[in-house]
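Visitor: I am new to this structure and would like to know what lies behind the labels. Please show it to me, and then I will ask.

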Amino acid sequence: MDVTIKRDGLELRGLLEGTDKLENDTIVIQFHGFQGNIGYEPGKINYDVSHKLNEVGLPTLRFNFPSCGLSDGDYKNMTILGQLLDAMAIIDFARTKMGAKKIYIVGHSQGGVVASMVAAYYRDLIDKVVLLAPAATLKDDALRGECEGSVYDPNHIPLRVEVNGELVSGQYFRTVQLLPIYETAQHYDGEVLIIHGLEDEIIPASAGRKYHDILPNSTLYLMEGEPHSLEGPKVQETLQLIADFLKD
């Protein structure tokens, strides 16, 4: 089912799957990563997670952040601060328009950072959290002036930085440098599943380990041979871990 919400004048477009009605007591909300989208085909982690959860009876709700996928916006305006507000709007949509009483959230990469922080903001409402290759070291990268192969002066951040052929706002890097990721996330005391690939070429597994250290009720799996996408040789094991954790 296609779903749309509006925040700050932009339409965010996504999919509600595993159910044929808008009202659902339980919902799993998924947040995608940097320069990503909700996943539109098998083999993409967000798509595969959604459909695995649908198989075990859990409906899923996944929106594209602004300027990603089919959502409105210009990627040059993307910041994590903005995505946190988007995530809050999505959670509020699930609470009010869908009537969800039990809410789980799953975040991959930068979406994992968003998930970890918004879970703390909504710690009274979020029942369980799954962090997939959570990209908390993006703060360390910003302090060094690096982003997925692009470099810039971290003390004199330009208006725009080109990353993977796409312009990213200097505001993104300025705010990331001072983003209280772990300091915020540690206020969530519900159950958390953390999965990180040991062959992650973008975010080292130290980020997953750090989350495990600060989250009092977390379980960590380090997956041999898995890259940052978590679409490698152990993808089926990853999907089963997520399904078992949320279905239990």
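Guide: A helix here is a DSSP run of H or I with at least four residues, and helices are numbered from the N terminus. The model is a predicted one.

Visitor: What makes the place of Gly82 part of a helix?

Guide: Gly82 is found in α2, which covers residues 80–96. A helix needs a run of at least four residues, and Gly82 falls inside such a run, α2.

Visitor: Why is Gly82 called buried?

Guide: Buried means under 20% relative accessible area. Gly82 has 18%, so Gly82 is buried. As for Gly33, 49 residues apart from Gly82 along the chain, the two C-alpha atoms are separated by 14 Å.

Visitor: What makes β1 and β12 edge strands?

Guide: The open sheet has 8 strands in the order β1-β2-β4-β3-β5-β6-β11-β12, and its pairing is mixed. β1 (2–7) and β12 (218–223) each pair on one side only, and they are the edge strands. From one strand to the next, the twist averages 20°.

Visitor: Why is α1 called largely enclosed?

Guide: Of its 11 residues, 9 are buried, so α1 is largely enclosed by the rest of the structure. Among the buried residues are Ile45, Tyr47, Val49 and Leu53. The buried residues of α1 pack against β2, β3, β4, β5, β6 and α8. Just after α1, Gly57 takes a positive phi of about 95°.

Visitor: Which residues touch the most other members of the largest nonpolar core?

Guide: That core has 60 residues, and Ile29, Phe31, Leu61, Ile105 and Tyr211 touch the most other members. Helix α2 gives the most to this core, with 8 residues. Apart from this core lies another, of 21 residues, including Leu132, Met223, Val235 and Leu239.

Conventions. Residues are numbered from 1 along each chain as its sequence is written. This is a predicted model: local features need pLDDT of at least 70, side-chain atom pairs count only at pLDDT 80 or more; totals for chains, interfaces and linings use all residues. Side-chain values use heavy atoms; hydrogens and water are left out. Two strands pair if DSSP finds at least two bridges between them. Helices (H or I, at least four residues) and strands (E, at least two) are DSSP runs, numbered from the N terminus. Axes are lines fitted to C-alpha atoms, for helices over the stretch in contact, and angles run from 0 to 180 degrees between N-to-C directions. Buried means under 20% relative accessible area, exposed over 50%, partly exposed in between (1.4 Å probe, protein chains only). Contact means heavy atoms within 4.5 Å. A nonpolar core is a set of buried Ala, Val, Leu, Ile, Met, Phe, Trp, Tyr and Cys residues joined through side-chain atoms within 4.5 Å.
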